[in-house]
Amino acid sequence: MFPFQGVDFMGFDDNLSEQQKLVRQTVREFVEDRVLPLIKNCFREGRFPAELIPEMGEMGFLGASLEGYGCAGMGDVEYGLLMQELERGDSGLRSFVSVQSALVMWPIQEYGSDVQKERWLPRLRVGKAIGCFGLTEPDFGSNPSGMRMKAVRDGDSYVLNGEKTWITNGTLADVALVWAREGDEIRGLLVEKGTPGFTATDIHGKWSMRASVTSSLSFVDCRIPAENALPGATGLKTALACLSQARYGIGWGCIGAAMDCYETARQYTMLRKQFGGRPLASHQLVQSELAWMITEISKAQFLALQAARLRARGRLKYFHISMLKRNNAWMALEVARRARDLLGANGITDEYPVFRHMANLETVKTYEGTDNIHALVIGQKVTGLAAFS
Ligand SMILES: Cc1cc2nc3c(=O)[nH]c(=O)nc-3n(C[C@H](O)[C@H](O)[C@H](O)COP(=O)(O)OP(=O)(O)OC[C@H]3O[C@@H](n4cnc5c(N)ncnc54)[C@H](O)[C@@H]3O)c2cc1C
């Protein structure tokens, strides 16, 4: 296989500044040199490559779009390209960075007190501390408004009781941002690793996101200082705003996984010969598949770019993000499935990255709002009618 050169059929790069290209190239090289040599074994072993965390911190990948506290202050396109390149490596790696950046650092900066910001952001930025985001519960996934976890105020403390599950980085995390019900209000609170009554255990048996830590969190009479509540994080809408940050990055990230699958299939079918020594890529049905893939990747790139432009103007709304996340996750999964087919039997092995991406993208389609739920968000926008319940 030849070194990855990117995928650009429609002159996408004409829209990028030199600085944006430089960010992309830097992350691409990091993925080539540091991620690709180890990711296959990590996936086999069901292990997150935690050894990459300090380097990612040093390179400014954590909290990259935030300003202050030493964060890189990347623009919307640069941040998107960072996510794209990381996910070309593996969706698990991009998920780690998404959670740390968009679901932990962003809410601390947006909703936290000065003390909370000072305590956590500098350490989270360099990867000396790791965070996780606990919204999903065993009985409430697509509908987090039904959550049962409780936070009861008792003097200078909150006492937490409840369960969270499917939490990325759960057992790795030094701090968990968890969402709990205080009376009628939902609020976000920081719980530190080692707090009595708080335990995290890993979920095993995953066929997807094997190079990512996924955990369940349990809280039994877990007492935390009242000042661990994020002052601005009240109401489900504040939790959903964090998800909007993360979904924006996912919309870009999926393109990286799709590019890797497309490029692997293109190169494979150019080299592999069947029926009279002709390369597979010379057959019409194979070309039709490659044409489908590059068309969908190109459309996804421009959808992401338009989302970045809207975001830079403060006009990116949650329903735009639903379209971006839903379309690009679907596109990438479909590209991966078609690429897997074009690789024939070789496509089911981990000699090639395609099946790994395909398995990961099943999660990407489901988490951060399922394909169906984002369809309902878009449906509500265009009809004015909510079809959720
Ligand atoms: C690897 C992994 C990592 C994750 N990381 C995190 C994390 O860090 N933090 C966190 O809080 N959560 C996390 N999640 C949880 C994830 O966000 C949820 O799995 C997701 O929201 C879906 O919830 P559910 O699995 O309970 O599915 P359900 O809500 O039970 O949905 C099952 C199916 O029913 C459909 N459905 C549900 N309601 C409707 C409806 N009204 N109309 C039509 N169809 C509907 C869904 O679209 C889906 O197809 C993670 C999940 C995975 C797999």
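Leaving aside neighbours within four places in sequence, with which residues is Ala265 in contact? Select Ala265 together with Leu290, Ala339, Leu342 and Leu343, which are its contacts; two residues are in contact if their C-beta atoms, placed from the backbone, lie within 7 Å.

Before the tour continues, two notes on the model. Residues are numbered from 1 along each chain as its sequence is written. This is a predicted model, in which local features need pLDDT of at least 70, side-chain atom pairs count only at pLDDT 80 or more, and totals for chains, interfaces and linings use all residues.

Ala265 lies in helix α6; helices (H or I, at least four residues) and strands (E, at least two) are DSSP runs, numbered from the N terminus. Ala265 counts as buried because 27 C-beta neighbours lie inside 10 Å. The term buried requires 20 or more other C-beta atoms within 10 Å of the residue's own, exposed means 12 or fewer, and partly exposed lies in between, with C-beta atoms placed from the backbone. Asn327 is 62 residues from Ala265 in sequence, and their C-alpha atoms are 21 Å apart in space.

Next, select Ala258 and Tyr262, the residues with the most contacts inside the largest nonpolar core, which has 115 residues. Helix α6 (residues 236–271) gives the largest share of this core, 16 residues. Such a core is a set of buried Ala, Val, Leu, Ile, Met, Phe, Trp, Tyr and Cys residues joined through C-beta atoms within 7 Å. Beyond four places in sequence, Ala258 touches Ile297, Ala300, Met331, Ala332 and Val335.

**Domains 1 and 3**

Colour the chain by domain: the assignment gives domain 1 (12–126), domain 2 (131–233) and domain 3 (237–383), with bounds from an automatic or database domain assignment. Show domain 1 and domain 3, whose C-alpha centres lie 20 Å apart. Here 25 residues of domain 1 are in contact with 26 residues of domain 3. On the domain 1 side, α1 (18–45), α3 (76–89) and α4 (91–111) each supply at least two residues, and the largest share, ten residues, comes from α3.

Glu163 has Ser218 in β7 as its bridge partner. Leu217 in β7 is the bridge partner of Ala200.

Within strand β3, locate Trp166. Its phi is near 60°, a positive value in a residue other than glycine. Trp166 is partly exposed, with 19 other C-beta atoms within 10 Å.

**The ligand**

Finally, centre on the ligand. Of the 20 residues around the ligand, Leu135, Gly141, Ser142, Thr370 and Asn372 come nearest; a residue is near a molecule if its C-beta atom, placed from the backbone, lies within 6 Å of it. Two or more residues of the shell come from each of β1 (131–134), β3 (157–168), α9 (354–366) and α10 (371–383). The largest share, three residues, is given by β3. At least three residues of the shell come from each of domain 2 (131–233) and domain 3 (237–383).

End at Glu368, in the loop between α9 and α10. Phi of Glu368 is also near 60°, and Glu368 counts as buried, with 24 C-beta neighbours inside 10 Å.

Technical notes
Two strands pair if DSSP finds at least two bridges between them.
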